[in-house]
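This report examines how the parts of a structure are packed together. Please look at the sequence and the model below before reading on.

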Number of protein chains: 2
Amino acid sequence: MNVLVVYAHHEPKSLVASLKNIAISTLQAGDHAVVETDLYANGFTPVANKYDFSTLTGKHFNYMLEQKHATLRDLGFAPDVVGEIQRLQEADLVLFYFPVWWFSEPAILKGWFDRVLAMGIAWDGGKIYENGMLLGKKAMVVAVAGGPEEYYQPLGKHKATLKQILHPIHHGTLAFCGMDVLEPFLVYSSMNKTKDEYSSLLERHRSAIEQAVTRPRYLSKY
Amino acid sequence: MNVLVVYAHHEPKSLVASLKNIAISTLQAGDHAVVETDLYANGFTPVANKYDFSTLTGKHFNYMLEQKHATLRDLGFAPDVVGEIQRLQEADLVLFYFPVWWFSEPAILKGWFDRVLAMGIAWDGGKIYENGMLLGKKAMVVAVAGGPEEYYQPLGKHKATLKQILHPIHHGTLAFCGMDVLEPFLVYSSMNKTKDEYSSLLERHRSAIEQAVTRPRYLSKY
């Protein structure tokens with residue numbers, strides 16, 4: 001299986017990095033091919049811009065329509081976008097690793113969605129959800145929140161579960177493009193882990209990754 | 001009233017731009033002081049980075065803790081972050097203008113939240129929601145979606161209303177910092193407007209802005 005890991009954390013000693021590293025070693029031990037996109041280390045640009053295209057319509061700038069135009073002109077995107085599109089197209093499973101900031105992914109990862117999941121590449125008119133262009137690929141979110149789990153309840157301070165909060169990514173992004181969205185791996189209270197809790201978290205993640213490859217559990221069917 | 005407009009669209013001829021422009025002229029006609037942050041035109045950097053700080057803890061890089069550290073060191077942030085923090089602190093009302101991309105704001109605006117709403121400035125330990133540090137300020141989201149309204153229903157294709165989809169911004173960001181979140185101004189099917197619909201949309205927006213200033217309608221109380 002070809003696995004793309006999209007990783008959005010600065011710090012190699014962070015919990016997010018540790019989870020990502022154990023996933024990669026687990027997958028490699030299972031003879032899967034892993035490619036990693038380390039967004040911060042690569043200096044990935046998250047801003048959608050006209051420089052993202054080697055060809056432009058010349059009309060009022062509508063990013064989505066420029067994406068569509070570029071797909072009809074022999075992948076007329078900037079080199080970094082082309083590279084990520086190719087990695088995505090080759091992947092059977094895509095894993096996303098990030099800390100939860102403002103109930104969402106950091107901007108650098110949002111920009112990966114904005115720029116790489118282009119109209120004409122990942123979706124198109126009439127080609128969404130069950131007809132999405134990434135049909136057959138699996139995706140899994142690994143998200144680390146600082147706040148405690150009791151805040152993430154419909155009647156808690158955050159007025160929603162973390163899974164509900166991730167609806168824009170799970171449903172509005174990954175499932176929108178036709179991907180099979182696996183059960184996410186979610187961590188709460190990230191800064192208050194004992195050494196034992198930290199180790200058992202990594203063990204749980206190893207087993208979640210093994211299951212993601214061999215025995216997909218669907219979050220839901222679209 | 002001091003109003004900060006945070007605007008995230010490239011194209012001066014877009015519907016998002018037209019809505020923003022009519023808001024500014026309406027506010028200025030009412031003798032309110034308006035400051036605009038035009039994220040794309042300013043080349044705003046949305047990537048949270050160690051260069052955002054003029055002082056660092058020297059510990060493992062945790063962005064949130066570096067923010068807190070910087071607030072204790074005479075606003076030790078990069079100049080662009082300091083500028084936006086000062087604009088925010090002076091504002092009584094903040095308006096956010098953006099197109100809906102992937103059930104969310106574009107990365108350039110997500111990065112404004114990540115970098116400007118710093119720990120120690122907009123919130124802190126124990127200072128969230130009803131104790132948030134931006135208490136007394138009002139905020140309003142103006143979001144333009146390409147998809148039709150019937151998709152944005154709990155039983156529609158998107159499996160949620162646009163208001164539910166904006167929970168990370170409304171609740172998890174603005175209310176989290178203590179702001180009073182006004183009823184959002186939402187547009188659907190943005191690319192299929194007749195000239196008349198377009199005009200009446202702008203008129204409706206003018207009146208929503210007048211109400212935002214004079215007669216706040218709360219989305220909810222936290």
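## Surroundings of Y97(B)

In this predicted model, Y97(B) is in contact with V5(B), Y7(B), A8(B), H9(B), V16(B), L19(B), K20(B) and V142(B), when its neighbours within four places in sequence are left aside.

Y97(B) also belongs to the largest nonpolar core, which has 134 residues. The residues with the most contacts inside this core are L95(A), Y97(A), L95(B) and Y97(B). As a general background, nonpolar side chains tend to be buried together in soluble globular proteins.

## Relation between the chains

Two copies of a chain are related by a rotation about an axis and a shift along it.

## The interface

How many residues of chain A are in contact with chain B? There are 31 such residues, and they are in contact with 32 residues of chain B. On the side of chain A that touches chain B, the elements giving two or more residues are α4 (107-116) and α6 (167-175) of chain A. Of these, α4(A) gives the most, with six residues. By class, this side of chain A divides into 15 nonpolar, ten polar and six charged residues.

The copies meet through the same surface, because 100% of the interface residues of chain A are also interface residues in chain B.

## The pair of α4 helices

The axes of α4(A) and α4(B), the latter formed by residues 107-116 of chain B, come within 8 Å and cross at roughly 175°. Therefore, α4(A) is roughly antiparallel to α4(B).

Which residues meet between α4(A) and α4(B)? From α4(A), the residues are A107(A), K110(A), G111(A) and D114(A); they meet A107(B), K110(B), G111(B) and D114(B) in α4(B). The contact of α4(A) with α4(B) has two nonpolar, two polar and four charged residues.

A160(A) lies in the loop between β4 (138-144) and α5 (162-165) of chain A.

Not counting residues up to four places away in sequence, A160(A) touches P154(A), I165(A) and H167(B).

Notes: Residues numbered from 1 in each chain as written. Chains lettered and ligands numbered in written order. Predicted model: local features only at pLDDT ≥ 70, side-chain atom pairs only at ≥ 80, totals over all residues. Contact = placed C-beta atoms within 7 Å. Helix = DSSP H or I, 4+ residues; strand = E, 2+ residues; numbered from the N terminus. Nonpolar A, V, L, I, M, F, W, Y, C, P; charged D, E, K, R; others polar. Core = buried A, V, L, I, M, F, W, Y, C linked by C-beta atoms within 7 Å. Buried ≥ 20, exposed ≤ 12 C-beta atoms within 10 Å, placed from the backbone. Axes fitted to C-alpha atoms, helices over the stretch in contact; angles between N-to-C directions. Parallel < 35°, antiparallel > 145°, perpendicular 65-115°, else oblique.
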